[in-house]
Amino acid sequence: MATWNSRGLRGSTLEDLINRTNEKYRENGLALIQKVPTPITPINIDKESRHITLAYFDQKSTVDYIGAVQGIPVCFDAKECAVDTFSLQNIHEHQVTFMEDFEKQGGVAFFLIYYTGRNLMYYLPFAHLKFFWDRAQQGGRKSFRYEELNPNYFLPQKHGVLVPYLDMIQKDLDDRT
């Protein structure tokens with residue numbers, strides 16, 4: 001497992017890195033993935049700067065990103081984790097339901113998790129998340145440990161691509177057959 005190039009993460013958020021990766025994938029004709037905006041209702045707007053200073057969420061958001069990769073519908077969510085135990089409280093039931101329905105329609109759903117303490121990125125296929133989710137629903141652990149992850153789904157360092165998740169989508173599809 002390669003450690004992540006920490007120089008690339010300095011001064012950027014995970015979302016910024018994914019957005020830049022998505023732009024590169026689009027420019028190269030590999031994928032069209034868009035950030036899903038979270039719907040809000042503004043309460044206060046600064047009249048001078050015209051910036052929203054207070055707002056509330058209209059509805060529950062489903063996933064962070066949605067689009068298509070070479071004709072395959074794709075949706076995913078991005079999470080950061082500072083420790084080796086990922087709490088399932090970071091994932092909401094409506095997200096799991098949406099992703100499950102998305103996969104039933106022939107799409108690929110997954111999570112990208114950045115383990116900040118280890119400086120590693122991980123592709124969590126929906127089927128793996130569902131295993132952890134169902135275990136928690138049945139009274140088991142309400143989290144999953146780093147040691148429980150499949151080492152084949154850590155994202156490799158790839159020159160020119162900040163968050164190279166496309167290869168993992170192919171691996172996810174291959175592992176389903």
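**View 1. Aromatic rings that pair up.** Rings of Phe, Tyr and Trp (for Trp, the six-membered ring) count as a pair here if their centres lie within 6.5 Å. Go through this predicted model with that rule in hand, and you end up with 14 aromatic pairs. One of them is F86 with F144: the ring centres sit 5.1 Å apart and the planes are at 25°, so this pair is stacked. The cut-off behind that word is an angle under 30 degrees between the planes.

**View 2. The five-stranded sheet.** Read across this open sheet and the strands come in the order β1-β4-β5-β7-β8, with mixed pairing. At the edges you'll find β1 (31-35) and β8 (120-125), each with a pairing on one side only. On average, neighbouring strands are turned by 25° against each other, if you ignore direction.

**View 3. Zooming in on β7 and β8.** How do β7 and β8 run relative to each other, parallel or antiparallel? They run antiparallel, and six bridges join β8 to β7 (residues 108-115). One spot to look for is I113, which stands opposite Y122 in β8.

**View 4. Helices against the sheet.** Helix α3 packs on the sheet and touches β4 (65-69), β5 (72-81) and β7. The direction of α3 makes about 155° with that of β5. Helix α4, meanwhile, lies across β7 and β8, and runs at about 80° to β8.

**View 5. Where α3 meets α4.** Two packed helices are described by the angle between their axes and the distance between the axes. For α3 (residues 93-104) and α4 (residues 126-137), that angle is about 135° and the axes are 11 Å apart. The two helices are therefore oblique to each other, and their crossing is left-handed. On the α3 side, the contact is made by E93, V96, M99, E100 and E103; on the α4 side, by F126, L129, K130 and W133. Sort these contact residues by type and you get five nonpolar, no polar and four charged.

How values were computed. Residues numbered from 1 in each chain as written. Predicted model: local features only at pLDDT ≥ 70, side-chain atom pairs only at ≥ 80, totals over all residues. Heavy atoms only, no water. Axes fitted to C-alpha atoms, helices over the stretch in contact; angles between N-to-C directions. Helix = DSSP H or I, 4+ residues; strand = E, 2+ residues; numbered from the N terminus. Parallel < 35°, antiparallel > 145°, perpendicular 65-115°, else oblique. Left-handed = near helix turned anticlockwise from the far one by under 90°. Contact = heavy atoms within 4.5 Å. Nonpolar A, V, L, I, M, F, W, Y, C, P; charged D, E, K, R; others polar. Pairing = 2+ DSSP bridges. Phe/Tyr/Trp six-rings, centres within 6.5 Å; stacked < 30°, edge-to-face > 60°.
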